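Welcome! Take a moment to look over the sequence and the structure below, and then we can walk through them together.

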Amino acid sequence: MKICVIAPTQEYLNLAGVRIRYLRIEEHLRAQGHQLSIEVIETFRALPHFKHDVYLFSKCYDARSFLIARLLSKTGKLVGIDFFDDYFSQKNNSNFVCHREWARTMAEFVDFFLCSTLRMQEVISAYMPDIPSHILNDPFDNIDLDKIAATSERNLERTLSTGQIEVAWFGVGDNPYFAVGLRDLFAFRSDLHDLGRSGFTVKLSILTNRRALTAEGLEMIRRLPVSYRLDEWSVDKEDALLANSLVAFIPVNSQPFSIVKSLNRAVSALTNGAQVLSSGYPLYEQFGSFIYRDAHALLADIVRKQLVMRKQTLPDLQRLFAECADPVREAEKLAVFLAKQLKQDRLAIQSKTVPEASLGLIHGARSPGECHKFAQRFRYLSISSPFGADGPNYDVRFVFVTDNQTLEVQLDERAWSKLKPGFEHLLEPKASRTGRAVKSLNLSALFPDESDLIAKVFKSNHIALKLTTYGAVMSAVRQVIISIFPGIELYLSEIEAPYWLGFSMNKAQISILNFD
Amino acid sequence: MLVKHIVFLINLLQDINIVRPLAYLAARELDASILFMLSDKFIERDKQGIWQLELKEICRETNSTSYIYDSEYSAFDLLLNKRGIIIAASESNLSAHAHTHNIFRIAPASFLKITLQHGYECVGFFQNREHYKAHGRNVTFAADLVCGWRDVSAMQSLAASERSKYYWTGPTSLLSTSYPTNTASNQTDQDYGGLVCENLHSVRMNVNGDFKASFMDTFFAFCEHQDKQGKSVTLRPHPGGQYVVKNNIELPENVRLNNLPMYKVNLAQYKFGISAPSSVVIDMVLAGIPVAVWQDDDEVIDASSYEGLTIISGLNDWLAFERDVAVRPEMLLARQARFLQRIKILTDAQEIQTRFVTLLSNGLNMLGNVN
């Protein structure tokens, strides 16, 4: 079985999450006779490029993923999504309308989904209730019990002889939407304070990403109640830091985004020989007594020289890891799950015939340029709206002609060849604004109501007009497109408010809006 | 024990002028390494490199070093494992001051942070009408201490939350420095005539109308008049604004341009000074020459902070002022002395030095036990 993870960007491939989640099981899948590779979404140029059996979307939250998923779903390939960040359960947060709409659209095409935790699985099941899913735990890299025992013992001895507790905090320090990372460290600083009041001095070492080190981030760091060192994160630095730290401090807050997180930070700490102190939400409950929940318990164990992770308790830890972080087992379970889905999918394909349909993508608010290129590359009609970017060479473009105050639609050759029979004689040859040969159809004559509405947005730049009529105008655009391209399957690309949520005002409401 | 540092944050071009005397004072009086931290924006602003050259000279004379920071993180990195005092000449919560304000926010606790008043009318200290319109009444500082020119009772724009931070030092410009006087000022037999200062870039020249033409027209007419009498005029652009330079304004033949840093200009050599409301008015008053403050004909520009000084508008006023300078300069100087007394500005150079030395040496010692 050939598995392909589809990644959003080249930079994404360098992230810790990719290394932990995919690369750690890759060799074990290979040992079992399977292949796993990672490709950036932009590298797919045509349908014949899809040679794998299974495609797994990883954080590709724009229209390109459902353009591909729609095409692959009819070809006997298994299509799925890997969910490990919760941008989906905050139903009252308008920042994530596009994520929620994306999940709903993808739900039509995917054959399965993977999740990092049970809680994440529960969240996504609300969007994809009938779709099979599997929990792929973040696995450890490798585990060397002797090394863990030696490291842990050495760090304890050093702590007792120097009177200094080396504490590590590592990970992504920020998030554009949620208060996490350095904010958690700052919010739970009282634990560090407790450690420091014990008679031991506390030396905190922070490894985090450069982007998090803004004035806000650094201001929080400087207000921590213990002395600190700060450095930019890298895999090697993380391993070295954990091996030299008595304890990794991993506080977790209780917001939905944080409580679905995988266990990988605790796994990394423990497998490198550091104890874990985690206050806040009990995310690492699975590891039971191996996680310190408050500073006083850790201090007491230091004094009596008996930390929870020590040579004698390591067999128990190994058993726990085998259940939820063993790369061999995770690879095995994944392969079994995917093989079963693949078999079922291929049986299902044989029994159903799929009618050929025209496909189209309408570009709404802030639709990315890549989605337009992708749509054309994969033979979708790329369709403008009054809200999309002006630049791209759309196949179907709405144009308001100021000379005669009419709305027309300009079609390129691929589009006019799909036009509903009966409209051809109404087409008028024209040159597009970039000089391409197009044919135009006078919409004001054919669809006066919809045209009036769409033209309103062309006539005024007023932000209030756009906000209030977005849904109605997008509905009118869809209505016109469906009327001139019968049977077309339409998809929507938009990543910014206002969103088209099927809401539309009635004509009476629209007529009282006058922004001209 | 961490090494003691006096760190000067430099962001605006004018900052050099304000902190320079303190750098010399620190070099003479304090046992601490001196460090200049320049924002990358400062380097961008100093297109001709004039101020970087000045800074080189200051660094050489005070045995100090300079670094450029391009982010909060790079500044943090520079400050980590050091202790002492950080001094900024322009720092507040206004967006224009973010590059110093944020450094104060993130500076390690081993530093005392001090913001200096950087002009007579100065946001957060003593604001004019345009300041209030643009920035409101609650300008705050990330500094632990703010040092002002006047008694706290005169600091009418100090926010309630900032009053306890206030320390009255007087202006740094009156501190003695060991700089050599410029060659021009040694040629005492030369006729320097009057000095006219422009700050046409200033927000106050634009907020309530465009006063640039009105000022320049009067200036040109005045120069023509002076020319007929065989007199020359010196024009000094604002160091940060440089309006006449940037806009290539053609100047009459009898106008000399003086674009030296203020500390290299001997103001006392001029017969008189004219300026729109600006800190340079105070500099000229303190230099002891007769000074007039220009205000537009309709009195739209707020000159109320300069009440008590000679206010002039049209050409006739300029000429009348020049006559007064020639005929009864003591009347003008007496008026200026009363003005200085009224605004409660500290002008005793020795006292200013004592206050700064006390502050900085105590600040350095207070931090002796940190880390």
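**Starting from one histidine**

His201(B) is partly exposed, because 17 other C-beta atoms lie within 10 Å; a residue is called buried if 20 or more other C-beta atoms lie within 10 Å of its own, exposed if 12 or fewer, and partly exposed in between, with C-beta atoms placed from the backbone. Before going on, note that this is a predicted model, in which local features need pLDDT of at least 70, side-chain atom pairs count only at pLDDT 80 or more, and totals for chains, interfaces and linings use all residues. Residues are numbered from 1 along each chain as its sequence is written, while chains are lettered from A and ligands numbered from 1 in the order in which they are written.

Where does His201(B) sit? You will find His201(B) in the loop that joins strand E8 (194-198) to helix H8 (212-228) of chain B. Helices (H or I, at least four residues) and strands (E, at least two) are DSSP runs, numbered from the N terminus. Leaving aside residues up to four places away in sequence, His201(B) touches His238(B), Gly241(B) and Tyr243(B); two residues are in contact if their C-beta atoms, placed from the backbone, lie within 7 Å. Met37(B) is 164 residues from His201(B) in sequence and 26 Å from His201(B) in space, C-alpha to C-alpha.

Now let us step back to the whole chain. Chain B is divided into domain 1 (4-171 + 347-369) and domain 2 (183-342), with bounds that come from an automatic or database domain assignment. Between the C-alpha centres of these two domains of chain B there are 28 Å. Their contact takes 15 residues from domain 1 of chain B and 14 residues from domain 2 of chain B. On the domain 1 side, helix H1 (15-29) and helix H6 (129-135) of chain B each supply at least two residues, and the largest share, four residues, comes from H6(B).

Chain B also meets a partner: eight of its residues are in contact with seven residues of chain A. Helix H4 (72-79) and helix H5 (98-106) of chain B each give at least two residues to this side of chain B.

How far can you trust the picture? The average pLDDT of chain B is 91, and 94% of the residues score at least 70; pLDDT is the predictor's confidence in each residue, from 0 to 100. Over residues 179-188 of chain B, however, the pLDDT is below 50. Where pLDDT is low, the predicted coordinates should not be read in detail. For the complex, the predictor gives an ipTM of 0.80 and a pTM of 0.83.
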